[in-house]
Amino acid sequence: SMATTPWFLSLYCTVLPIQTCLRVWDLLFYQGEKVLFRVALSLLGQMESRLVQQTDVSEAWTLIK
């Protein structure tokens with residue numbers, strides 16, 4: 001999806017604290033690419049309540065970025 005592509009391309013360096021990002025990288029090398037999708041789903045799950053409160057798609061898009 002367009003929302004998660006920047007997350008995947010940066011391997012979460014731009015959206016997660018460095019220690020968390022390094023843990024994601026460890027899991028990526030150990031378990032493979034499925035980790036990237038699991039992290040994306042987790043991040044979207046954490047933002048779910050804020051996302052559903054948005055009245056405009058552009059506001060939700062800004063929140064995701």
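The model is a prediction in which local features need pLDDT of at least 70 and side-chain atom pairs count only at pLDDT 80 or more, while totals for chains, interfaces and linings use all residues. Residues are numbered from 1 along each chain as its sequence is written, and side-chain values use heavy atoms, with hydrogens and water left out.

The chain has four helices and zero strands, where helices (H or I, at least four residues) and strands (E, at least two) are DSSP runs numbered from the N terminus. From the N terminus on, the order of elements is therefore written α-α-α-α. The C-alpha trace spans about 40 × 20 × 20 Å along its principal axes. Of the 65 residues, 28% count as buried; buried means under 20% relative accessible area, exposed over 50%, and partly exposed in between, for a 1.4 Å probe and protein chains only. Among contacts (heavy atoms within 4.5 Å) with a separation of 6 or more, 42% come from residues 24 or more positions apart.

The interior comes next. In soluble globular proteins, nonpolar side chains tend to be buried together. Here the largest nonpolar core holds 15 residues, a core being a set of buried Ala, Val, Leu, Ile, Met, Phe, Trp, Tyr and Cys residues joined through side-chain atoms within 4.5 Å. Trp-7, Tyr-12, Leu-16, Val-24, Val-39 and Leu-43 touch the most other members of this core. Two or more core residues are given by each of helix H2 (18–31), helix H3 (34–53) and helix H4 (57–64), and H3 supplies the largest share, seven residues. Leaving aside residues up to four places away in sequence, Val-39 touches Tyr-12, Leu-16 and Val-24.

How do the helices meet? The axes of H2 and H3 come within 8 Å and cross at roughly 140 degrees, with axes taken as lines fitted to C-alpha atoms, for helices over the stretch in contact, and angles running from 0 to 180 degrees between N-to-C directions. On the H2 side the contact is made by Val-24, Leu-27, Leu-28 and Gln-31, and on the H3 side by Lys-34, Val-35, Leu-36, Arg-38 and Val-39.

Leu-44, Met-47, Arg-50 and Leu-51 of H3 meet Ala-60, Leu-63 and Ile-64 of H4.

Val-52 lies in H3 and is exposed, with a relative accessible area of 64%; its C-alpha atom is separated by 34 Å from that of Tyr-30, 22 residues apart along the chain. Thr-55 sits in the loop between H3 and H4 and is also exposed, at 74%. Cys-13 belongs to the loop between helix H1 (5–9) and H2 and counts as partly exposed at 38% relative accessibility. Not counting residues up to four places away in sequence, Cys-13 touches Cys-21 and Trp-25, and the C-alpha atoms of Cys-13 and Trp-25 are separated by 9.7 Å.
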